[in-house]
Amino acid sequence: MRRIAYLFGGLAAAGAATYLVLYLYRWQWQRAMLCGVLLLVVEVMLLGIVLLGRLTRIEDRLRDSDRRQREQAARQEDALARLRTAPAAEPTGSSGRFRWLEDPAERTYVFVPVLMVTGVLLSGIAWVVQRIASATARPAERRLAGRLAVLTAPDPASTDDLEDLPTLGPARSRIRTVRVAAVAGVGAALVGGLVVGLADLTQTRDEDASDSAATSVVVQVDMRGTDMSAQRRSLAAEQVWERCRDSTSVPLRHATLGDLGDGLYAGVVRPALTAHDRMRLRGCLEDATLERAHLTVVGIGDADRDDD
């Protein structure tokens, strides 16, 4: 689903960028701004999709990290419980700890009372040492359990997660860096070429004056709506024509627009316009600037001095 969104978003962005360059070349600023806004919206949408994917992956990693921490804590507690409950290993020959008790009863020893008192004292000292050790040895046991947790067997229910772990192998950071640098260089070259080419196409140049006496323009006015009368069509044509009179390098001071009937209007511009000014005038007239009105340049050309 995400790939489909990337595909449609990329196609929409490419189309909007293409028409943006095309309308800028034609000097149709309103349409160029609409395409620019559409391109910006598509880019923001693609950025949102990318950020959403990154946030989803971060959430999955945090969830996996929490799960692994819980498993690590469970293994640590298990190892700690095993250490605490493990019985002490009995030395060999435990049955002969007090062999002197097995001797014949007729044999007596003088040091038996002394030995018993010493045993009681040693037992008390051992009890005190054991209490002190039990009170101070808990962190050591926990640290030992934490070290031993990595050696414990994983949970059988979570063995499928081993396939998701990255494989061990040489890092490919150098190849990835070279690839990113190459893509960035090509992208920068394309963007720079586009900017330079567009600036060269849309800049105003000083051109040689035309030898013709005037330039004639014929436009077709189309109106949308049921209540659009001839007067409204004529008013719309006059509004667009007056707005475009200063779109050329030389202002159209003595240029009038006449009604030819059937939605056709003709204007005569003196002196004659250059090729660049004719392109700018056409783009201004055909630009979408008036509500429910659209002008189409049917023809534009120069009129010689000998023409009537």
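The following questions and answers examine a predicted model of a protein chain.

Student: How many disulfides does the model contain?
Tutor: A disulfide is a covalent bond between the sulfur atoms of two cysteines. In the predicted model, a pair of cysteine sulfur atoms within 2.5 Å is counted as a disulfide. Cys-244 and Cys-284 meet this rule, with an S to S distance of 2.1 Å. By this rule the count is one disulfide.

Student: How many residues apart are Cys-244 and Cys-284, and where does each lie?
Tutor: Cys-244 is in the loop between α6 (230-243) and β2 (256-261), while Cys-284 is in helix α7 (residues 275-286). The disulfide therefore links distant parts of the chain, by the cut-off of 2.5 Å between sulfur atoms. The separation of the two cysteines is 40 residues.

Student: Is Cys-284 buried or exposed?
Tutor: A residue counts as buried under 20% relative accessible area. Cys-244, its disulfide partner, has 0% relative accessibility and counts as buried. Cys-284 has a relative accessible area of 8%, so Cys-284 is buried.

Student: Is Asp-262 buried or exposed?
Tutor: Asp-262 is placed in the loop between β2 and β3 (264-269). Its phi is near 60°, a positive value in a residue other than glycine. A residue counts as exposed over 50% relative accessible area. Because its relative accessible area is 76%, Asp-262 is exposed.

Student: Which residues touch the most other members of the largest nonpolar core?
Tutor: This core has 21 residues. The elements that give two or more residues to the core are β1 (214-223), α6, β3, α7 and β4 (293-303). The residues that touch the most other members are Val-217, Val-219, Trp-241, Leu-281 and Leu-285.

Student: With which residues is Trp-241 in contact, leaving aside its neighbours within four places in sequence?
Tutor: Trp-241 belongs to the largest nonpolar core. Once those sequence neighbours are set aside, its contacts are Val-217, Ala-255, Thr-256, Leu-257, Gly-267, Val-269 and Leu-285.

Student: Is Cys-35 buried or exposed?
Tutor: A second, separate core of ten residues includes Cys-35, along with Ala-16, Leu-39 and Val-42. Cys-35 has 12% relative accessibility, so Cys-35 counts as buried.

Student: What accessible area does the nonpolar surface patch with Leu-7 have?
Tutor: Leu-7 lies in helix α1 (residues 2-25). The patch is formed by Met-1, Ile-4, Leu-7, Phe-8 and Leu-11. Together, these residues have an accessible area of about 620 Å².

Note on methods: Residues numbered from 1 in each chain as written. Predicted model: local features only at pLDDT ≥ 70, side-chain atom pairs only at ≥ 80, totals over all residues. Heavy atoms only, no water. Patch = residues over 30% accessible without salt bridge, like charges linked within 9 Å, V, L, I, M, F, W, Y side chains within 5 Å. Areas by Shrake-Rupley, 256 points an atom, 1.4 Å probe, with all protein chains shown as cover. Salt bridge = Lys/Arg side-chain N within 4 Å of Asp/Glu carboxyl O. Helix = DSSP H or I, 4+ residues; strand = E, 2+ residues; numbered from the N terminus. Buried < 20%, exposed > 50% of the residue type's maximum accessible area, 1.4 Å probe, protein only. Core = buried A, V, L, I, M, F, W, Y, C linked by side-chain atoms within 4.5 Å. Contact = heavy atoms within 4.5 Å.
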